[in-house]
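Please look over the sequence and the model below. A short briefing follows, grouped by topic.

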Amino acid sequence: MLSCKDATRMMSEAQDRPLTVGERVNLELHLAMCKGCRNFKQQMSFLREACRRYLNRDGKPD
Amino acid sequence: MSDGGAMRDQDEQLFDADWLEGVRRDMVRFARLQLRDETLAEDVVQEALAAAFDKAREFAGRSAMKTWIFAILKNKIVDQIRVQTRTTNVSALSAAEETMDQTFESLFKENAHWSPAGRPSDWGDPAEALRQQRFWDVFDACLKHLPENTARVFMMREFLEFETPEVCEQLSITTSNCNVILHRARNGLRRCLEKNWFALGEQPC
């Protein structure tokens, strides 16, 4: 059973390379049971989105 | 509209002082974050703008122009990072990086599962934050707060949009080291945003 700590490493690497089938199965099983890691995953996607939007932010320049 | 008219409009757009100043300010902020050196940042921005003026007529509109100016800027930043990292060991741990790793460890119980206080929280609809200027100020502050080498690897990956193997190659670090550094950066940023934005309930009305 994957620990939360290892799950965070896997979710970070998922931003950089496709996970193997084995890794995905392990991670999905873990996520199904772990709200904290589901939140972590959402936060990783958000960071990626924020970085992409960094140069074309909608807010007014200061 | 005739070609001549379109070209004149582009020139007017390009030389609009307010627009240009806004773009320049974005460029300097971006370059400073990556290079962490005021003078170098100003230099690469000047070089990128000079190159952009030469080709100004080839662009249809400000948006394409801005994208292109930043593409030039990114190349110049990468060149500069290569020079800087020739004399730096990117994988060496600074005290700040060790502290980040200790903080990360403190989020977990003995069995490597989240402790109640360490568990990541639900950010609701975080996309809403991207529409707020104050969020971007917090985001900038959190990026600046990352230790230099950690920030450099993260920004090469996420802002200069290199694939991870390219980042490792450019900075002469191993893939596993790269993964460790990116994980450290992402966790640090996420914690910083959680503490300084999402936990404060700074949601729009």
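How many C-beta neighbours does B:A112 have inside 10 Å, and does B:A112 count as buried, exposed or partly exposed? B:A112 has 14 such neighbours, so it counts as partly exposed. By definition, a residue is buried if 20 or more other C-beta atoms lie within 10 Å of its own, exposed if 12 or fewer, and partly exposed in between, with C-beta atoms placed from the backbone.

This is a predicted model, in which local features need pLDDT of at least 70 and side-chain atom pairs count only at pLDDT 80 or more, while totals for chains, interfaces and linings use all residues. Residues are numbered from 1 along each chain as its sequence is written, and chains are lettered from A and ligands numbered from 1 in the order in which they are written.

**Chain B overall**

- Chain B has nine helices and zero strands; helices (H or I, at least four residues) and strands (E, at least two) are DSSP runs, numbered from the N terminus.
- Of the 205 residues in chain B, 29% count as buried.
- Among contacts in chain B between residues at least 6 apart in sequence, 67% join residues at least 24 apart; two residues are in contact if their C-beta atoms, placed from the backbone, lie within 7 Å.

**Two domains of chain B**

- Chain B is split into domain 1 (3-86) and domain 2 (95-200), with bounds that come from an automatic or database domain assignment.
- The centres of domain 1 and domain 2 of chain B, taken over C-alpha atoms, are 27 Å apart.
- Nine residues from domain 1 of chain B and ten residues from domain 2 of chain B take part in the contact.
- On the side of domain 1 of chain B that touches domain 2 of chain B, the elements giving two or more residues are α2 (17-35) and α4 (62-86) of chain B.
- α4(B) gives the most to that side, with six residues.

**The largest nonpolar core**

- A nonpolar core is a set of buried Ala, Val, Leu, Ile, Met, Phe, Trp, Tyr and Cys residues joined through C-beta atoms within 7 Å.
- The largest such core has 51 residues, and B:A31, B:L73, B:V153 and B:A185 touch the most other members.
- Helix α9 (residues 175-196) of chain B gives the most to this core, with seven residues.
- Domain 1 (3-86) and domain 2 (95-200) of chain B each supply at least three residues to this core.
- Neighbours within four places in sequence aside, B:A185 is in contact with B:L146, B:T150, B:A151, B:V153 and B:F154.

- In α3(A), the buried residues are A:G36, A:C37, A:F40, A:Q43, A:M44, A:L47 and A:A50.
- Seen down the axis of α3(A), these buried residues fall within an arc of 130°, so they line one face of the helix; the arc is that of the directions from the helix axis to the C-beta atoms.
- They pack against α1 (4-13) and α2 (21-33) of chain A, together with α6 (133-145) and α9 of chain B.
- Between the chains, 29 residues of chain A are in contact with 32 residues of chain B.
- α3(A) gives the most to the side of chain A that touches chain B, with twelve residues.

**Positive phi in two loops**

- B:A112 has a positive phi of about 70° although it is not a glycine, and lies in the loop between α5 (95-105) and α6 of chain B.
- B:S172, in the loop between α8 (164-171) and α9 of chain B, has a positive phi near 50° and is also a residue other than glycine.
- B:S172 has 12 C-beta neighbours inside 10 Å, so it counts as exposed.
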